[in-house]
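Work through the exercises below with the sequence and the coordinates open. Each task is followed by a solution in steps.

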Amino acid sequence: IQGYEGANRTSIINHIIKKNNFKNYLEIGVHDGRNFDKIMIKEKIGVDPKPLKYNPNITRISSDNFFKTNNSKYDVIFIDGLHLEDQVDKDLKNSLNYINDKGVIIMHDCNPPSEFHQRQIFEVNGRFPPWNGTAWRSYVKLRMENKNLSMCCIDCDWGVGIIQKGKQKL
């Protein structure tokens, strides 16, 4: 990462991939491919029920249904799908089952800048202002409930959570 100013979800993911020589990547919630297209790794797949553009590596499916048939483990899983606590809880639980032992789960929207950004509904008066949803609650809950994880949140790009198997280092 080229200094704090250059830090964002994409640069953090690419840094972790390069540093650990990771080989495969799963992105939950691809949307327009803005992040997915910039990830530098040999094998990557995305899951999104309604991606905005075609990519042969993106499967049009919900993350719940993807995990029902998935048989692979991943070095990196990035969670940025439906930004609501109930769904993020499921995505985290599933990701923990499909991450390699030395792998890293990364999630977006862990540090919303205001209460307005944390609202349940994306649309406000026919518009779609910036939105983090309630994803951050899932991150906090996981940190409080699971003592077998090492977790930190990078304070950039609305909070980028890093989750690995292992004990928390205080």
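Contact means heavy atoms within 4.5 Å. The model is predicted, so that local features need pLDDT of at least 70 and side-chain atom pairs count only at pLDDT 80 or more, while totals for chains, interfaces and linings use all residues. Residues are numbered from 1 along each chain as its sequence is written, and side-chain values use heavy atoms, with hydrogens and water left out.

**Exercise 1. Describe the chain as a whole.**

Step 1. Count the elements, taken as DSSP runs numbered from the N terminus: helices are H or I of at least four residues, strands are E of at least two. The chain has 4 helices and 7 strands. Read from the N terminus, the order is α-β-β-β-α-β-α-β-α-β-β.

Step 2. Compare the radius of gyration, taken over C-alpha atoms, with the globule rule, 2.2 Å times the number of residues to the power 0.38. The chain has a radius of gyration of 15 Å, close to the 15 Å the rule gives for 170 residues, so it is as compact as a globular protein of that length.

Step 3. Take the contacts between residues at least 6 apart in sequence: 53% of them join residues at least 24 apart.

Step 4. Apply the burial classes: buried is under 20% relative accessible area, exposed over 50%, and partly exposed in between, with a 1.4 Å probe and protein chains only. Of the 170 residues, 46% are buried.

**Exercise 2. Which residues touch the most other members of the largest nonpolar core?**

Step 1. A nonpolar core is a set of buried Ala, Val, Leu, Ile, Met, Phe, Trp, Tyr and Cys residues joined through side-chain atoms within 4.5 Å.

Step 2. The largest has 21 residues, and the answer is Leu-26, Ile-77, Leu-92, Ile-105, Met-107 and Ile-163. Two or more residues each come from β1, α2 (63-69), β4, α3, β5, α4 and β6.

Step 3. A separate second core holds 19 residues, including Ile-17, Phe-22, Ile-41 and Phe-78.

**Exercise 3. Is Asp-109 buried or exposed?**

Step 1. Find Asp-109 in the loop between β5 and α4. Its phi is positive, about 70°, although Asp-109 is not a glycine.

Step 2. Asp-109 has 1% relative accessibility and therefore counts as buried.

Step 3. For contrast, take Asp-157, in the loop between β6 and β7, with a positive phi near 50°. Asp-157 counts as partly exposed, at 22% relative accessibility.
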